[in-house]
Amino acid sequence: MTKRVLTMQDISCLGQCSLTVALPIISACGIETVILPSAVLSTHTGGSFENYTFHDLTDDIPGILKHWKQEGFQFDCLYTGYLGNIRQINLVEEIRKELLTEEAPCIIDPAMADFGKLYTGFDTAYVHKMKELCGQADVLLPNLTEAAFLTGLPYRTRMSEAEVHVLLKGLAALGPKQIILKGVSDTPDQIGVAIYNCETDRVSYYFTRRLPRNGYGTGDCFASAFTGAYMRGMEIKEAAALAADFVLAAMEATAGDEKHWYGVHFEQALPLLMERLVID
Ligand code: PXL
């Protein structure tokens, strides 16, 4: 039976991140994708975008949840990304308790920081609340910056295996079951993910070639492809490796297109994703 995923994050109308990538990518994996928009922005808040519009949708969400409950809908997975404020993190709690099937995994991308800095609009109170949500994750998907904010450990772009292990243990103390730490690297030509089982304390790695440019929206492409592959029944390590290969292919498709600095051409990598999932 087709699985139904609920994903809660913003709509950055232009910018190739959050819902505008989650919806097509998870759908391409053959998974029904229900969206709960946290806010509508004219663009994302990164890079040289300035004066973007931001329409907060928090007040609409309780009515949407009430309607779904009345209609008797439940979801096989919850995947959260960029959330506009602390009230929305509280609403995630309501969704977890009342709208998920018993086995439904919660995939939490803290989506609040990158390149050593919090995104515009977030503060330490938000980070504090996000720590609570991360503790509820079946799979937590932080990048290195988010991991540093969530643990209070220093942000480093190059780390030894021992340092990565310390960071993973710090994240595990928040309470998630499994962690995929993104952006791990100890050599200039490779970048990858560390996959950590908090119960067994086992770490495994998957690396790909590192391209010279950092792509905006690649974290959301990774999380979306991971969610789709995981819900198609792939093991966590296999789904993480496929998501990493998908992001590399999307970045390769974008290389040299300087006008497309704000996102990646993930559309061109969708065939790779679908072939590896063998959707007939
Ligand atoms: O997860 C990336 C993202 C999502 N949504 C908004 C953002 C960003 C990154 O900057 O600004 C609004």
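In this predicted model, the axes of helix 2 (residues 61-71) and helix 3 (residues 86-98) cross at roughly 5 degrees and come within 11 Å. Angles under 35 degrees count as roughly parallel, so helix 2 is roughly parallel to helix 3. On the helix 2 side, the contact involves Ile61, Pro62, Leu65 and Lys69. These residues meet Gln88, Leu91, Glu94, Ile95 and Glu98 of helix 3. By class, the residues of this contact divide into five nonpolar, one polar and three charged.

A second pairing joins helix 1 (residues 19-28) and helix 7 (residues 218-231). Their axes lie 8 Å apart, and the packing angle is about 30 degrees. Helix 1 is therefore roughly parallel to helix 7. The crossing of helix 1 past helix 7 is right-handed. Helix 1 contributes Val21, Ala22, Ile25 and Ile26 to the contact. Helix 7 contributes Asp220, Cys221, Ser224, Ala225, Thr227 and Gly228. The contact of helix 1 with helix 7 has six nonpolar residues, three polar and one charged.

Helix 5 (residues 144-151) packs with helix 6 (residues 161-172) at an angle of about 55 degrees. The axes of helix 5 and helix 6 are 9 Å apart. Roughly parallel pairs have angles under 35 degrees, and roughly perpendicular ones run from 65 to 115. Helix 5 and helix 6 are therefore oblique to each other. Helix 5 makes a left-handed crossing past helix 6. From helix 5, Leu144, Ala147, Leu150 and Thr151 take part in the contact. Their partners in helix 6 are Leu167, Gly170 and Leu171. Five nonpolar and two polar residues form the contact of helix 5 with helix 6, with no charged residues.

By class, the lining of the largest pocket divides into 21 nonpolar, 18 polar and 10 charged residues.

Key:
Residues are numbered from 1 along each chain as its sequence is written. This is a predicted model: local features need pLDDT of at least 70, side-chain atom pairs count only at pLDDT 80 or more; totals for chains, interfaces and linings use all residues. Side-chain values use heavy atoms; hydrogens and water are left out. Ala, Val, Leu, Ile, Met, Phe, Trp, Tyr, Cys and Pro count as nonpolar, Asp, Glu, Lys and Arg as charged, and the others, Gly among them, as polar. Axes are lines fitted to C-alpha atoms, for helices over the stretch in contact, and angles run from 0 to 180 degrees between N-to-C directions. Helices (H or I, at least four residues) and strands (E, at least two) are DSSP runs, numbered from the N terminus. Angles under 35 degrees count as roughly parallel, over 145 as roughly antiparallel, 65 to 115 as roughly perpendicular and the rest as oblique. A crossing is left-handed if the near helix is turned anticlockwise from the far one by less than a right angle, and right-handed if clockwise. Contact means heavy atoms within 4.5 Å.
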